[in-house]
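This report describes selected helices and residues of the structure shown below. Please keep the sequence and the model in view while reading.

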Amino acid sequence: MLPENVAATGADIVLGNTYHLMLRPTAERIAGLGGLHKFMHWQRPILTDSGGFQVMSLAKLRKLTEAGVKFRSHIDGSEHMLTPERSIEIQRLLGSDIVMCFDECTPFGADEQAAMESMRLSMRWAKRSREAFGGRPGHALFSIQQGGLFAELRAESAEKLRAIGFDGYAIGGLAVGEGQQAMFEVLDYAPEMLPADRPRYLMGVGKPDDIVGAVARGIDMMDCVLPSRSGRTGQVFTHRGALNIKNTRHQNDPRPLDEHCTCPACKNYSRAYLHHVFRSREMISGMLLTWHNLHYYQVLMQAIRDAISNGQFAAFEKAFTQQQSQGDIDPV
Ligand SMILES: [Zn+2]
């Protein structure tokens, strides 16, 4: 996707990964070239994560201490140290508009004692992130609530973050393997622990039904690789649920992915063509499927915003669930 194509789907903001950019091409190089907006040709807002999540999921030989995390790059094995101060510095070098506090994403399966220690470390790091960020007019610093699946820990985390004071509040440590039901159980109480007059941001979510369920529970913003990653791997989201374009049922199908969709993939190409280029590993496959998925997500979000504005969210949610459960159209 060209950035202008992404913007044309209705996207106002993109996310940059601190971990990936610090290793390659490095934050200092991007700063020297005028910052991330100029470097990647995206003039609208950019949110950067803190690098904490990928350090835990991708880096090798991690050593976690009070100071931060020492690790080896998954690319070339070089040694790096990420601390709250360094993460904030990297995000400043990138020119990020919304900066995230450095935290430890408590792994799924952590017991209450482990989740508590991890959360309290993240809260000390949030305070250091706040101090390192200082005052930067026009830029926002968001913190991240942790506490695993434990309501008391979530409350303690929220209280500590509110006492420090941030421009927005994320809910971290979800969508890490606990499943939708466990995630919704946390979202039944976690968002309302955070200030209602600030954005409440669910990190790393999700599938269309995760998003609708999260909004129903008070979430204002989310981020996820799913629309674009799925576009590259053949998974397509429509108002009738997900489908996989590699399935042979599509090979003679002259119809679009979604007859209601106005994206370029649906306006100009058949399922048969999209199946063919996917099977042939043509780049246009990833381009068109990603375009469709991003378009679908934007249409979904606009419908959610409209439903909220009109006081019709409950009716919207019911209709959405009903449509999704229909499943894909019958084969030709
Ligand atoms: Zn489409």
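## Helix H8

In this predicted model, the buried residues of helix H8 are Leu153, Arg154, Glu156, Ser157, Ala158 and Leu161. The cover over these buried residues includes helix H7, strand E7 (140-145), strand E8 (168-171) and helix H9.

Helix H8 comprises the 14 residues 151-164. After H8 comes Gly165, with a positive phi near 95°.

## Helix H10

Helix H10 covers residues 208-216, and seven of its nine residues are buried, so the helix is largely enclosed by the rest of the structure. The buried residues are Pro208, Asp210, Ile211, Val212, Gly213, Ala214 and Val215.

The packing partners of these buried residues are both helices and strands: helix H9 (180-187), helix H14 and helix H15 (313-326), together with strand E9 (200-202), strand E10 (221-222) and strand E11 (235-238). Gly218 follows H10 and has a positive phi, near 110°.

## Helix H14

Helix H14, one of the elements against which the buried residues of H10 pack, runs over residues 283-309. Its 27 residues should span 39 Å at 1.5 Å a residue; the end C-alpha atoms are 39 Å apart, which agrees with that expectation. Gly311 follows H14, and its phi is positive, near 65°.

## The crossing of H6 and H7

Two packed helices are described by the angle between their axes and the distance between the axes. For helix H6 (residues 84-94) and helix H7 (residues 112-133), the axes come within 8 Å and cross at roughly 45°. That angle makes H6 oblique to H7. The crossing of the two helices is right-handed.

Which residues of H6 and H7 meet? From H6 the contact involves Pro84, Glu85 and Ile88, and from H7 it involves Trp125, Arg128, Ser129, Ala132 and Phe133.

Ile98 lies in strand E6 (residues 98-100). Its relative accessible area is 14%, which is under the 20% limit, so Ile98 is buried. Leaving aside neighbours within four places in sequence, Ile98 is in contact with Ile13, Ile46, Leu47, Thr48, Ala140 and Phe142. Ile98 and Gly138 are 40 residues apart in sequence, and their C-alpha atoms are 9.3 Å apart in space.

His275 belongs to helix H13 (residues 271-279). With a relative accessible area of 6%, His275 is buried. Its contacts, neighbours within four places in sequence left aside, are Ile245, Lys246, Asn247, Thr248, His250 and Gln251.

## Glu79

Not counting residues up to four places away in sequence, Glu79 touches Lys70, Phe71 and Arg72.

Glu79 and Gln324 are 245 residues apart along the chain, and their C-alpha atoms are separated by 46 Å.

Conventions
Residues numbered from 1 in each chain as written. Predicted model: local features only at pLDDT ≥ 70, side-chain atom pairs only at ≥ 80, totals over all residues. Heavy atoms only, no water. Axes fitted to C-alpha atoms, helices over the stretch in contact; angles between N-to-C directions. Helix = DSSP H or I, 4+ residues; strand = E, 2+ residues; numbered from the N terminus. Parallel < 35°, antiparallel > 145°, perpendicular 65-115°, else oblique. Left-handed = near helix turned anticlockwise from the far one by under 90°. Contact = heavy atoms within 4.5 Å. Expected span 1.5 Å × (residues − 1). Buried < 20%, exposed > 50% of the residue type's maximum accessible area, 1.4 Å probe, protein only.
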